[in-house]
Amino acid sequence: MKYATLLAAIGFAVSSISAFAKTQPIAIAIHGGAGTIEKSRFSPEQEKAYRAKLKEAVEAGYKVLEQGGESLDAVTTAVRILEDSPFFNAGKGAVYTYEGEHELDASIMDGRNRQAGAVAGVRTLKNPIDLARSVMENSVHVMLSGEGAEQFAKLQGFDFVDNRYFDTKHRYEALIRAKKKLHKANKTNKDYQAAHQALANEYKMGTVGAVALDKNGNLAAGTSTGGMTAKRYGRVGDSPVIGAGTFADNRSCAVSATGHGEYFIRYSVASDICARVEYQGKSIEQAGKEVIHDVLMPIGGTGGVIIVDTKGNISMPFNTKGMYRASKSSNQETQVGIFKHD
């Protein structure tokens, strides 16, 4: 009798695990930056190319999840594709500093245990998201910057590229326009802060990121950026700051942000959204809307976020004219958007 009971218990446990595996949702969302993204600025060919790259990245990440891979692997896979594209302000398409060079930032976070890794101001790493993950997994630190981060990368066996690898014509042209505006502003006001604030938001934004939920119910988030056009003095935005541009916790949700980083840092945007979900019981749609539209908008904070929760729900709110974005889940086919009404 006891033997029969034991067999029945084992059978029930196996069937329960099998049922969980079948019902546990998987989901991924990605973004390629938010800002003044208007349809009139795109030729049909350009729009098609951007949509194709977003689709490629989200489906590559989803394939990792579909095959039983971890959310961390899905996130790094998707972000790496966006970093390698000249379309987005990360990796190959990174904007220029005031001095005409590139300084890259990235971060990643594991929702299982809040482990996180980040790098800031790296100049010769082809895929900063990979180095951020290495910092998380192979160091005792959360964030490394500049020469120290690259020294750590050498010890980890990373390959390096020349800083000129990140050059693109359209980003250089944006730098020239930004510097002209700064010089014009300086003629009437010698204050650096005032001159910089006179720049349009399009020069202050641009990021890529991904959030994912895997078959084990684990969340992850990752973000990568080239920063702000014509940035100076080693400026670091929200992308590598855990809680500002990136956050993941299995008790709530995973978030990757894009926008004017200074506001996202000051208002701890990513962690605020997850806190509203965890402590106030709000949906990710409600929490994201409150922070992006009700908290940031009144004080001039522009941008957006992508969010996924432990049930596979996805939300992608933004308060700008557009945000490059895509998503896919076990309950939703691939969706790609660029403009507000996509």
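Glutamate 101 is partly exposed, with a relative accessible area of 29%. Partly exposed sits between buried, under 20% relative accessible area, and exposed, over 50%, using a 1.4 Å probe and protein chains only.

Before going on, some ground rules. This is a predicted model, where local features need pLDDT of at least 70 and side-chain atom pairs count only at pLDDT 80 or more, while totals for chains, interfaces and linings use all residues. Residues are numbered from 1 along each chain as its sequence is written, and side-chain values use heavy atoms, with hydrogens and water left out.

Back to glutamate 101. Which residue does glutamate 101 form a salt bridge with? The partner is arginine 123, and the closest N and O atoms are 2.7 Å apart. Glutamate 101 is in the loop between helix 3 and strand 2, and arginine 123 is in the loop between strand 3 (116-122) and helix 4, so the pair links distant parts of the chain, 22 residues apart. By salt bridge I mean a side-chain nitrogen of Lys or Arg within 4 Å of a carboxyl oxygen of Asp or Glu. Helices (H or I, at least four residues) and strands (E, at least two) are DSSP runs, numbered from the N terminus. Arginine 123 is also partly exposed, at 28% relative accessibility.

Now helix 3 itself. This helix covers residues 71-83, which is 13 residues, and reaches 18 Å from first C-alpha to last. That is close to the 18 Å expected at 1.5 Å a residue; the expected span is 1.5 Å times one less than the number of residues.

How many of the 13 residues of helix 3 are buried? Ten are, so the helix is mostly covered. Among them are Leu72, Val75, Val79 and Leu82. The cover includes strand 1 (27-35), helix 2 (44-66) and strand 5 (208-213), where contact means heavy atoms within 4.5 Å.

Arginine 133 lies in helix 4 and aspartate 73 in helix 3, so the pair ties together parts that are 60 residues apart in sequence. Arginine 133 is buried at 14%, whereas aspartate 73 is partly exposed at 28%.

One more pair. Glutamate 47 forms a salt bridge with lysine 39, with the closest N and O atoms 2.9 Å apart. Glutamate 47 is buried at 14%, and lysine 39 is partly exposed at 49%. Lys39 and Glu47 belong to a network of salt bridges with Arg51 and Asp342.

In total, the structure holds 21 salt bridges.
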